[in-house]
Amino acid sequence: MPVKLTVTGAHAVAHAMRQINPDVVAAYPITPQTPVVEYYANFVADGIVDTVLVPVESEHSAMSAVVGAAAAGARTMTATAANGLALMIEIVYIAASNRLPIIMPVVNRALSGPLNIHCDHSDAMLARDSGWIQFFTENHQEAYDFMIIATKLAEKENVLLPVMVNLDGFITSHGVESFEMLDDEVVKEFVGTWNPKYSLLDTQNPVTYGPVDLFDYYFEHHRQQEEGMKHAYEELPKVFEEFAEISGRKYDFLDLYKTDDADYIMVIMNSTASTAKYVVDELREEGKKVGLIKPQVFTPFPKKEFQKVLNGRKGVIVLDRAMSFGKEAPLYSLIKSSLYEVPSRPKLGSYIYGLGGRNTSPKMIRQAFEDAFNGNLLADEQRYLGLRE
Amino acid sequence: MSNLKGWKDIPIGGVIDKPATSRQYKTGEWRVSRPVVDREKCINCMQCWLYCPDMAIEGSIDGKKMKLGAFNMDYCKGCGVCAAVCPVNAIEMKPESEFLDE
Amino acid sequence: MPNIRDLVDYVENNDWAFAQGHRLCPGCNAPMVANWATLAAKSLGYEPVVGVATGCLEVSTSIFPYTSWNVPYIHNAFENVAATISGVESAYRSLRNRKKIDNDKIKFIAIGGDGGTYDIGLQSLSGAIERGHDFVYILYDNEGYMNTGNQRSGSTPPGADSTTEPLGKASSGKLQLKKSIVDIIAGHEGVYAATAVTSEPWDFMKKMQEALEFPGPAFIAVLAPCVRFWRIPDDSGVEVTKLAVETKYWPLWQYNMGVYKVTKKPKTFKPVKEYITKLGRYNKLMKRPDANEIIEELQNYVNAKWDRLLALEEITKDKPIRTKI
């Protein structure tokens, strides 16, 4: 029987890890990811799991160690945030190019500088082009569920790509909420076991991992990675379906909230979507036809899904919790380019919010909607919610 | 080197899925001099076999004795280490130009 | 440790562990290290799994689709071979514990050049040793970033020419002495650490055996000349390392859980100048007015180090500081 736990998001993620029971976890603490590692270390210390936990001396070594472990055929995980992700980013790309199904919760925190330990999505955006699959989760339930979904997807033979599960720093990781935890046996059966194709420990069939590519093969290896991403996109609906069967919760690339007849749609990722849904409800009460899209899958980017749901709308407001200096905001620019050829392009507005943990109130979100109602959306103008001028 | 494969025909992840494939690459082509062994002087100590940086020297056990085998010209780069370590000076490095018809 | 006949016999019946066709320079000493390390492991009955840091050895032995490794091999990046191998070793422990693997003969060997060991790789090496992983780290020390054309490293000796700290009109290049890497490793205490040279393969392989059988992290620093950038003839790497030992430039010693031992004690020594002037990389230095000053400083240093090693050997005899890793 699934149980309801009222715990922090970090604890929920640690429970998912416990049930998936990887062979090796190598992690380095960084606020606000630290409790994830601490809870897991406690499971190990009490013998609840027999994972080999490697307390590495930096995030770069954490990712290096999990690459080594995964190449040796082990199911592996690590976890990080912000500057830890930045420190390990060299190896993050290598993990993807080696086609290793590593699972990594990223507790989203602002990248320095200045130093800021609070939530924004700049760390996730740093890894945008790294070749990792990226999920975004609104709350404890999603963070827990997507860890399990990630494991199943990553280890598929035609995918074999590492996955980042993003959850908001402090808000989700440290906030206390209830979530439903599935049975240990149910999760165990769902994720199954990984049968790696190439293992360093198979001494009868020695392989070489991480060769040098000259100009004659690098391009081809990268094309293969892209193919893996393509398969990830194709496999996801099936994995979502299978997950729904064991949990009753059916996920999709995009979480569509009251979008059916919406004239104006807001697009927003992670926990602030909860606040935005509340504003959508309020506006609906006032007779406004509004809706919300919360992308769960960011990489591979669900272009077709966005095209289908945003075509013909009056206005689309995209909220980014990260900036791309000198360019359009990341989520915004991807959506805008997705809509390039749709038959009926909506008006578009780009809003930056919540950087460095800045609180985003219902009033601020409403302001963005008001701009839409007033026909005051400029596709080429970047606006800010909650910034002091 | 000339049979370049397409992206569908190579293992994923950059993995080289067979060991010792460098044997297909004949480094012997680099050579400008080669070792010539005076088999009369050779005491089969196998120092050259041990030191060769390219594992280009063959050796075998014949009964209880070690026996120096062939020098593999597919891989010998002509570095001269074998000649330098031979304790009885049984190896002489000679220019490749003397072996052009081989 | 098996003898030469055992090795010949092994290769004849089983194949080399490190294969022909690699693209290291003619006469390079790095492949000797790779060959002897893996051959020693195999002839002892182990199954080595090797990790190599970015550098000469890695680049020249694994250009897709050619690999010179006849054993499982991983390259990850420049600074993390120790962290990578610690992950492979952890996976081995975990999978054996969970009965997914029953092979108990696997040994882990991480190989790095001086770049990936003294400089950029020092952190991950230190971390892996501190955590007590059971692996052997071999340093092939050619005293510079040679794969990319002789940039200076923390291992480049004073007065040696390099491209990033060259000798020129206003400068005598790098003046700092080398870091004493084996002392740094010995500072981790729960280790076996040793020096070796390519002119003494049996000494190296014997230390390799001790390292493989040490129940924790082990480290061997092998002086392995780069014939290109030390500017010496292709065939003279071995002769040069012999001279390095005879001049006290590279003493052969080891550390085991607190006990120091000098493993070779030459009866007479040659002056370090004899070693220096043998190497073309010092040609620029020898033309300078401060050459003798720098050489004298080096001579004083190697003398002091030698005396210190003998003293440490005496003080620590039979007195380990740890019994557990």
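Trainee: How many residues does helix H1 (residues 9–20) of chain A have, and what distance does the helix reach from its first C-alpha to its last?

Mentor: Helix H1 of chain A has 12 residues, and its end-to-end reach between C-alpha atoms is 17 Å, close to the 16 Å expected at 1.5 Å a residue. Please bear in mind that this is a predicted model.

Trainee: Is H1(A) enclosed or open?

Mentor: One counts the other C-beta atoms within 10 Å of each residue's own; 20 or more make the residue buried. In H1(A), 12 of the 12 residues are buried, so the helix is largely enclosed by the rest of the structure. Among them are A:His11, A:His15, A:Arg18 and A:Gln19, as well as A:Val13, A:Met17 and A:Ile20.

Trainee: What does the backbone do just after H1(A)?

Mentor: A:Asn21 follows there, with a positive phi of about 55°.

Trainee: Which other residues of chain A have a positive phi without being glycine?

Mentor: One of them is A:Leu160, whose phi is about 45°. A:Leu160 belongs to the loop between helix H6 (140–154) and strand S7 (163–168) of chain A. A:Leu160 has 24 other C-beta atoms within 10 Å and is therefore buried.

Trainee: Is C:Lys99, which also has a positive phi, buried or exposed?

Mentor: C:Lys99 is exposed, because it has 7 C-beta neighbours inside 10 Å, and a residue with 12 or fewer is placed in that class. Its phi is near 60°, and its place is the loop between helix H4 (81–97) and strand S5 (106–113) of chain C.

Trainee: Where are cis peptide bonds found in chain A?

Mentor: The angle to read is omega. The bond from A:Thr31 to A:Pro32 is cis, with omega near 0°, and A:Pro32 sits in the loop between strand S2 (24–26) and helix H2 (34–45). Another cis bond joins A:Gly113 and A:Pro114, with omega about -5°. A:Pro114 is in the loop between strand S5 (103–108) and helix H5 (122–126).

Trainee: How is A:Asp202 classed by its neighbours, and where does it lie?

Mentor: A:Asp202 has 17 C-beta neighbours inside 10 Å and so counts as partly exposed. It lies in the loop between helix H7 (184–191) and strand S9 (208–209) of chain A. From A:Phe43, 159 residues away along the chain, its C-alpha atom is separated by 30 Å.

Trainee: What is the secondary structure of chain B, and in which pattern does it run?

Mentor: Chain B has two helices and four strands, in the pattern β-α-β-β-α-β along the sequence. Its radius of gyration is 17 Å, well over the 13 Å that the globule rule gives for 102 residues, so chain B is more spread out than a compact globule. Along the principal axes, its C-alpha atoms fill a box of roughly 55 × 35 × 20 Å. Buried residues account for 38% of the chain. Of its contacts between residues at least 6 apart in sequence, 65% join residues at least 24 apart.

Trainee: How many residues are in contact between chains B and C?

Mentor: On chain C, 34 residues are in contact with 32 residues of chain B. The elements giving two or more residues to this side of chain C are helix H1 (4–14), helix H2 (30–43), strand S3 (66–67) and helix H9 (237–246). H1(C) provides the largest share, six residues. By class, this side of chain C has 17 nonpolar, 10 polar and seven charged residues.

Note on methods
Residues numbered from 1 in each chain as written. Chains lettered and ligands numbered in written order. Predicted model: local features only at pLDDT ≥ 70, side-chain atom pairs only at ≥ 80, totals over all residues. Rg over C-alpha atoms; globule rule 2.2 N^0.38 Å. Contact = placed C-beta atoms within 7 Å. Nonpolar A, V, L, I, M, F, W, Y, C, P; charged D, E, K, R; others polar. Expected span 1.5 Å × (residues − 1).
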